[in-house]
Amino acid sequence: MLVVGNFEPAEAVDAAQQVNQMLKSQPLPPHSHMPSRMVNIEPGHYIYQHMGEDPNMLNNAVVATFYCGMATNPKDRTTMALLLQIIDDQFFDQLRTKEQLGYNVGASTNSFGSGKLALKLRVEGESNPTYLLQHIDSFIHGFRQTLVEFNTVKFDALVESIASKANEQLTSVDAEANRMWTPIEEATYDFARLADEVESLQKVKVDDVLDMWDRYINPQTAVTYTRVDSQLWAAKTSYPSSTDMTTWPESILALAGCLESETHMPVDLSDLSRFVHTAVRQTSADALASLACQYPMANSTQMIDETASGWSKIKNALNMAMHPHNQHALQDSETNFTHVEMYQTMEGKWVITDVDKFKATQALHRLPVPAIKLIPNTLTK
């Protein structure tokens, strides 16, 4: 029980006792306590797929989650906050405004209690999830240069903005209670968290943000690259089988999904793969024209109209299949997940088929908080 307000310690204890007497509550027996399982996901790239149950749902959705540093480390938290400020607007502008992949596009962060921090990039739209993730990968591929060239004056302004917001005076008892309850709910019991973050914030430089990017998010440099792609497939969207995912590159599957949704024609993956292999020697326009001959739309006037929404999407998918980014060479995981019915894609990513079985293979986080921080200073005086 948390008592917040203009109370002396003895008054707070008395109020808590009165509430307890009125409720006549009893402690739960040990076997009724739900244990907190903060899973420490092993480095690797994982995919979790879920098929939508609503037959009328048109939108697909993806969330790419990158695990970055520890939630109990003030420097990691402040560096992540600054990274989010930098990436959020640019991610929205690129994938929503320019590429028009969907209305729900954005970046966010999660703090998993005493576990890890996470950066999440989400897109919801009518395109198939594999195609959406290809665009997220393309954004990730080019964003490092943005950080390298980021203006230091603008960065200092971001630091000042976050620090000012953190130092704002609380205007209600409810806000104060929420601030104190968060570390209790997360089981960190770090009541000096905000003060530590403000102090750490003044020391963070743009190079620290770039270091976090390279250490955790950049697939070409991250040694402990840990990422989970959550995919929600609309019931009407063609869903790749496990055989498809272990046999064909993601770029081919993304292109096939775009062709099927826009032309309503079945696509043979073997034929499409051979076509892309041959098309590499052609110009982008010639390759698109050849593809349009094989998979014409119902309206023949749109066959090679690159401005039409359908063929614009297919053009992008074709270009990504013809010129894929250098993929991160995933190291062999220390754990072979085949015994829990998981399988690997051509790119070496593990596909999670049963979340509970996967979690059972992972270690748990412990509480890395010194015992002296478990009690607020005001209660120890």
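Visitor: Where is the place of Pro219, and is this residue buried or exposed?
Guide: In this predicted model, the place of Pro219 is in the loop between α7 and β6. Its relative accessible area is 14%. A residue under 20% counts as buried, so Pro219 is buried.

Visitor: What distance separates the C-alpha atoms of Pro219 and His45?
Guide: Along the chain, Pro219 and His45 are 174 residues apart. His45 is found in strand β2, residues 44-51. The C-alpha atoms of Pro219 and His45 are separated by 9.8 Å.

Visitor: With which side chain does the side chain of His45 make a polar contact?
Guide: His45 is buried, with a relative accessible area of 4%. The side chain of His45 makes a polar contact at 2.7 Å, and the partner is the side chain of Asp229.

Visitor: What is the order of the strands in the open sheet?
Guide: The protein has 14 helices and 9 strands. The open sheet is built from 7 strands with mixed pairing. Its order is β4-β5-β3-β6-β2-β8-β7.

Visitor: Which strands stand at the edges of the sheet, each with a single partner strand?
Guide: An edge strand has a single partner, so one side of it is left without a neighbour in the sheet. This applies to β4 (104-111) and β7 (343-344).

Visitor: In which sense, parallel or antiparallel, do strand β3 and strand β6 pair?
Guide: Strand β3 covers residues 60-70 and strand β6 covers residues 226-233. Phe66 stands opposite Arg227 in β6. The two strands pair over 6 bridges, and the sense is antiparallel.

Visitor: Which strands does helix α3 touch, and what angle does its direction make with that of β3?
Guide: Helix α3, residues 129-148, packs on the sheet. The strands that α3 touches are β3, β5 (116-125) and β6. The direction of α3 makes an angle with that of β3 of about 40°.

Visitor: At what angle to β3 does helix α7 run?
Guide: Helix α7 comprises residues 206-217 and lies across β3 and β5. Its angle to β3 is about 115°.

Visitor: The backbone nitrogen of which residue lies 2.9 Å from a polar atom of the side chain of Asp268?
Guide: Asp268 is found in the loop between α9 (250-263) and α10 (269-279). With a relative accessible area of 40%, Asp268 is partly exposed. The backbone nitrogen in question belongs to Asp271.

Visitor: What is the phi of His264, and is this residue buried or exposed?
Guide: Most residues other than glycine have a negative phi. His264, whose place is in the loop between α9 and α10, has a positive phi near 60°. At 67% relative accessibility, which is over the 50% cut-off, His264 is exposed.

Visitor: What is the phi of Gln100?
Guide: The place of Gln100 is in the loop between α2 (74-98) and β4. Gln100 counts as exposed at 60% relative accessibility. Although Gln100 is not a glycine, its phi is positive, at about 50°.

Visitor: How many disulfides does the count come to?
Guide: A disulfide requires a pair of cysteine sulfur atoms within 2.5 Å. Among the cysteines, Cys68 is buried at 0% relative accessibility, whereas Cys293 is exposed at 59%. The count of disulfides comes to 0.

Note on methods:
Residues numbered from 1 in each chain as written. Predicted model: local features only at pLDDT ≥ 70, side-chain atom pairs only at ≥ 80, totals over all residues. Heavy atoms only, no water. Helix = DSSP H or I, 4+ residues; strand = E, 2+ residues; numbered from the N terminus. Buried < 20%, exposed > 50% of the residue type's maximum accessible area, 1.4 Å probe, protein only. Polar contact = N/O pair within 3.5 Å; in protein donor to acceptor, adjacent residues only side chain to side chain. Pairing = 2+ DSSP bridges. Contact = heavy atoms within 4.5 Å. Axes fitted to C-alpha atoms, helices over the stretch in contact; angles between N-to-C directions.
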